[in-house]
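Subject: Structure handover

Hi,

Here is the structure we talked about. Please open it first, then read the notes below.

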Amino acid sequence: MDNRVFTRLGTAAFCLGLVPNALALEATIEGIEDPLANNVRLYLDGLEAEQYSPARLESEVLRRSSEALRVFGYYSPTIEPRFDDPEAPSSVTLSISPGEPVRIEVLSLSVTGDAADDAPFREAIEDFPLSEGDRLRHAPFDSLRSRLANLALERGYFDWRFADRRMEVRPYANSARLYLAMDSGRRHRFGDVTFQGEHIEASRLEALAPFASGEPYLASEVARFNQRLGQTEWFASVNVRPRLNRELARLALPDAASGWWQSLDVEGLTPVEREPRIAAEALVAAADLQRPVAPDVPIDVTVTPADRHQFEVGVGYATDVGPRLHLAWHQPWINRYGHGLNHDLYLSGPEQRITGVYTVPLADPLRDSYRFQYGLRNKDNEDTRTLESTVEAARRWTFDNDWQQTLYLRGTYEDFTQAGVSNQVVLLYPGISWSRTRTRNPTFPTWGDRQRFSVEYSSDWWGSAAEFLRLTGDSEWIRMLGDDNRFVGRVGIGSITTSDFADVPPSLRFFTGGDRSVRGYAFESLAPENDEGRLVGGEQLFTASLEAQRRITGKWWLASFVDTGDAFSDWSPGDLNTGAGLGVRWISPVGPIRLDIAHPFDVEDAFRIHFAIGPEF
């Protein structure tokens, strides 16, 4: 056994030793500068001298070098190659004199058909960088041809063709003539949209189309339609395709049966297929037909339903709340109108809650909807003990700038004990909020921001236990400087105006401190206190944070940060608590893992460790 293994290894080594050491020919360019010299090197890249005889190698070097110079308009260069070894060369030095360049004598660029009045085509012609008298360069001419062809396909000119496409070069006269004439034909327009496999009302799906039948065709709108259908979460797969059929149906008579007098002895002969015969009446009718002014492109949509019941389990840990568990039951559709229902269960040491949202999409399912929510929450943290139940009816709008506006009416029953004082309250109050979140690479954003502002008002006029005006706002942003420097900033504000603060439940009062606000302090440990030192909660809130991160290597980052803020009854800048520290970030497969060590400045010789899993927002 061992002998056989050694024999095979020895044979493999011997065979490898017989393989010639093929190395690419190294080229040194003299007499010209980049980009000409660099292009010559690119054309010679990968040329292996061992594959050619000396004479053939020299001819190949001259051919490639000449082609490299032609694309820049030099058709009559003088090239002198010098090989380091005439018999077995490994490098070559080229002395090049490019000669007189070829200049453009005639430049004729035109677009006819419907595209003649289409702005992107005019811009493509106007942006052509060469003019008569300029040195010829091949790349702009090739780029213009590709650009026009792509525009034709993207903008619905499916019958386009180049009526003329020539580059005439006269090296002896150092002149060139460029001709490019596109006939775009007619522009196609969107036709009817048909669905296959849908389980949602077709009218709901048609409302997602960013185009209407009869509008000029745009490939980008087809892609946008596909994206919108996917964003509804109603489907497991979505396929939106334009139906292109440019061949007219053939008007043909069926083959006539042959009579006995037409029979032949064809044994051993290959049958000859005959073309369909067109009736004389069909030819006359076809000649009288008028071509449609604007041919349409029907859109075919094939979808498969998403799973009706989807479940998600998430586990995590943070020093604020300790271990945490998240269970979600997601029903993206429960009927043919696209209504959805979500349930979420969250469990941690200080807080447990269950919430549900019933969504009723409106005419534009992605932008307009009604939402009906319920929630049950139990919280036991620091000096707060509360059991809260909430119901809410909301109307949500999403605008073109991605801002969401939500108008809601919320009813809350809360049984709480705060700082040793117990109370039970029933609140009914309307509110309005505006929010927007933008990110690139949501797992570990390299750019992003999030804003949210809300206004809520409660009054005893309609039976609420407390009268108050509550304002909240927060803004977070992420920006990169280069590839290795990342900055995270955050500002939060809040205010309650009320004369019934004792009846305002803890869920509406302000507390701060912890992983997501002011590091260096325990979770929600910063707030006004009573005479016994128990946390009462604040009527005002301000927090701010600035963090700078630097990539150490790969997915490891080092962070430094400063946080400040407090919850208070009367505004006073001296009441702000500040913490600062260092941290480490690791972009794990399950999301960023953050470890921070923070020092609170108003506590001597104190440090607090903060640990969390998940992105900033």
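Start with helix α3, residues 54-70: at 1.5 Å a residue its 17 residues should span 24 Å, and the end C-alpha atoms are 25 Å apart, which agrees. The expected span is 1.5 Å times one less than the number of residues. Helices (H or I, at least four residues) and strands (E, at least two) are DSSP runs, numbered from the N terminus.

Before going on, a word on the source. This is a predicted model, where local features need pLDDT of at least 70, side-chain atom pairs count only at pLDDT 80 or more, and totals for chains, interfaces and linings use all residues. Residues are numbered from 1 along each chain as its sequence is written, and side-chain values use heavy atoms, with hydrogens and water left out.

Back to α3. Its buried residues are Leu-57, Glu-60, Val-61, Arg-64, Ser-65, Ser-66, Ala-68 and Leu-69. Buried means under 20% relative accessible area, exposed over 50%, and partly exposed in between (1.4 Å probe, protein chains only). The cover over these residues includes α2, β2 (78-83) and β3 (91-97); contact means heavy atoms within 4.5 Å.

Next, the backbone. A cis peptide bond joins Asp-34 and Pro-35, with omega about 10°. Pro-35 sits in the loop between β1 (26-30) and α2 (36-44).

Two glutamates are worth a look. Glu-233 is not a glycine, yet has a positive phi of about 65°. It lies in the loop between α7 (219-231) and β8 (235-242). Glu-233 is partly exposed, at 43% relative accessible area. Glu-524 also has a positive phi, about 50°, without being a glycine. Its loop runs between β20 (485-498) and β21 (540-553). Glu-524 counts as buried, at 18% relative accessibility.

A cavity is a set of points on a 1 Å grid over the protein atoms alone where a 1.4 Å probe fits but cannot get out; lining residues have an atom within 4 Å of a point. Points are joined across faces, edges and corners, and volume is the space filled by probe spheres set on them.

The largest cavity holds about 170 Å³. It is lined by 17 residues, with Arg-490, Asp-515, Arg-519, Glu-547 and Arg-594 nearest its centre. β20, β21, β24 (591-600) and β25 (608-613) each give two or more residues to that lining. By class, the lining has three nonpolar, four polar and 10 charged residues. Ala, Val, Leu, Ile, Met, Phe, Trp, Tyr, Cys and Pro count as nonpolar, Asp, Glu, Lys and Arg as charged, and the others, Gly among them, as polar.

Best wishes

Definitions and conventions
1 Å grid on protein atoms, 1.4 Å probe; cavity = no way out; pocket = protein on both sides within 12 Å on 5 of 7 lines; lining within 4 Å.
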